Amino acid sequence: MALLCTAFLLAALTSIGLTLWITWQIEGGAAAVNEAGRLRMKSYQLALEVERRAAPVVIEERLRRFDQGLELLRTGDPSRPLFVPWNEATRRRFDTVRSQWRSLRDRWRGAEQTAAPEEVERFVGAIDDFVGAIEQQLSLWTAILHAVQLGILALAIAVGVALLYAGHLFVIHPLNRLQRGLQRVQAQDFAARVEEGSSEEFDQLARGFNRMAETLQALYANLEARVAEKTARLEQQRERLAALYETSAILAEAATLDELAQGFARQVRRLSRADAVAVRWSDEANQRYLLLAGDCLPEFMSEQEQCVQTGSCHCGQGADEASTRIIRIAAPSARGGAPTLDHCMRAGYQTLVSVPVRLQHRLLGEVDLFFRSDTALGEDERSLLEALAAHLAGAMEGLRAEALGKEAAVAQERSLLAQELHDSIAQSLAFLKIQVQLLREALRRADHDGVERVLGELDAGVRESYNDVRELLLHFRTRASGEDIEPALRTTLQKFELQSGMRVHLSMHGHGLPLDPDVQIQVLHVVQEALSNVRKHARAREVWVDVQQTPVWRFEVRDDGVGFDVAAESPDETHVGLRIMRERAARIGATVDVHSQCGRGTCVTLTLPSPVVPAESLAA
């Protein structure tokens, strides 16, 4: 098929090339005929101008152009195209034209510049003979062109017939064989095969079809067994996912380590169909294992294995070699030296499966499963037990992290309480202690004026301490609103008005997203600390609290008091209050700015970085 197409292609290219070449020859000859006709016209023009006695310059120009025309016919011009189809007849007639032209040109250039009309007619006749020879050659080329075109037509018809036959033989017939084979396969006749032909391409298709039919035949023969196997596999995977989900739910609901371990032990015993389960916890140094929980474990084993030293029994694995192991329980060797399994033998167990509980590279404990029959674990069961142990490790670490978080929160709150007691009441008590000593000295000296002065200081110090205590109680009783901070702010400001006697103005601007309750608590404490500084140091009459909710939350506390020098570095009570406010703001990522001038009041601004959306608002 490829050879046939190549031969037809070469024949077609040859025919096309020959046709183009003949056409080129015909076009060049036709242009030569036109140029020879122009020479004939120029001959008559020259004869007429010589007869009229034209200027020698004009005649000389005419003669030069006639020479150029003859030279163009002799050499040709491929760009037009123009060339004479030279043969013996055209070359002889062209020589005749050129010789007669030389005779006429010499006579027309002479002094007489005359030429007989008979000579001109004879010269024009020579030109006509030359044109006739060219046309005769062009007629021959035209006949050859027609013959080549007829040959091309015949070749096209032959190629079409040959290609149709070859297509039927090499394409349609093999495709019909493949189609019949496909119809048999569709009818579930997987024994159908396609006969290989002579075409290499369709031979590959036939071999591929036969391999496909063989594969389908083999698959169909074992289809039911494979479907049952896949179904069992999927069911096993579904049971494993359900077990992991149930275990995760049990672990998530446990509030204490005991509940966590006991619920996990029951779940693992049910999933593994074990006769008993023990969950053990290992200390940080992995020197011993403590029994956290057990399910269906004999009482004597629970009592005697409350604490197992690492390496003393198969139940306590070392951190370096800890792995999932299946241990056959047998009588101990008389030589000794190996870990014993006396308790397991007394309880009638034959197999022990030990699964370590790991969190990354840290060993937290292990899960021991006891079987009264000879048990072997498959790869799926082993991976399920290890996944359950990993869930247990994550839950244990979660309880540990939660306990540490609560402990850190309590420690932080105690630190804040101690800090505020130290910064307020402790300093007032120290002041009262000094005044008591001064009172004793004044009494010993019988200085009545000094006694009255010291008693006044003591009275002021006691009132200050009482106010500090009330303010601390106000701080720790403040509760945030789950939706809006405005009610808590108004409550705080009302209490401040009653305590200090100052007028307080609250302004709320914009509508922002509600703050998280933890953030609200810190904001209220910062505002209360700013108000406390106003009460203690500002000697103000009015206080303004402006709240801007958009684009970010900003709380501004201004007073009309005496103010102070912000740049001063004296570590007095004012600076202590500013330090407390900045520490509270840092816990929520906020900033505190203080602007004050002596005699013009003070402005404290708390700016939150961005709106904090609580989970309750997102759920709503």
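**Strand 1 and its partners**

I began with the pairing of strand 1 and strand 6, which is antiparallel and runs over six bridges. This is a predicted model, so I read every contact below as a prediction.

I then turned to strand 2, residues 288–295. Strand 2 pairs with strand 1 in the antiparallel sense, over six bridges.

Next I checked the hairpin of strand 1 and strand 2. Five residues lie between the strands. Among them I noted Asn286, which takes a positive phi near 55°.

Is strand 1 largely enclosed, or open? I counted burial: six of its seven residues are buried, so strand 1 is largely enclosed by the rest of the structure. The cut-off I used for buried is under 20% relative accessible area.

**Largest pocket**

I moved on to open space. The largest pocket holds about 520 Å³. I listed 22 lining residues, and the closest to the centre are Glu239, Leu271, Arg273, Glu381 and Leu384.

Which elements supply at least two residues each to this lining? I noted helix 6 (223–253), helix 7 (257–272), strand 6 (362–371) and helix 10 (379–445). Helix 6 has the largest share, eight residues.

I sorted the lining of the largest pocket by class. I got 10 nonpolar, four polar and eight charged residues.

**Second largest pocket**

I put the volume of the second largest pocket at about 290 Å³. Its lining has 14 residues. Nearest the centre I found Trp281, Ser282, Glu284, Arg362 and Leu364.

Strand 1 (276–282), strand 6 and helix 10 are the elements that give two or more residues to this lining. Which of the elements gives the most? I found helix 10 there, with four residues.

By class, I recorded seven nonpolar, two polar and five charged residues in the lining of the second largest pocket.

**Cross-references**

I kept a note on Ser282.

Terms used: Residues numbered from 1 in each chain as written. Predicted model: local features only at pLDDT ≥ 70, side-chain atom pairs only at ≥ 80, totals over all residues. Heavy atoms only, no water. 1 Å grid on protein atoms, 1.4 Å probe; cavity = no way out; pocket = protein on both sides within 12 Å on 5 of 7 lines; lining within 4 Å. Points joined across faces, edges and corners; volume = space filled by probe spheres on them. Nonpolar A, V, L, I, M, F, W, Y, C, P; charged D, E, K, R; others polar. Buried < 20%, exposed > 50% of the residue type's maximum accessible area, 1.4 Å probe, protein only. Pairing = 2+ DSSP bridges.
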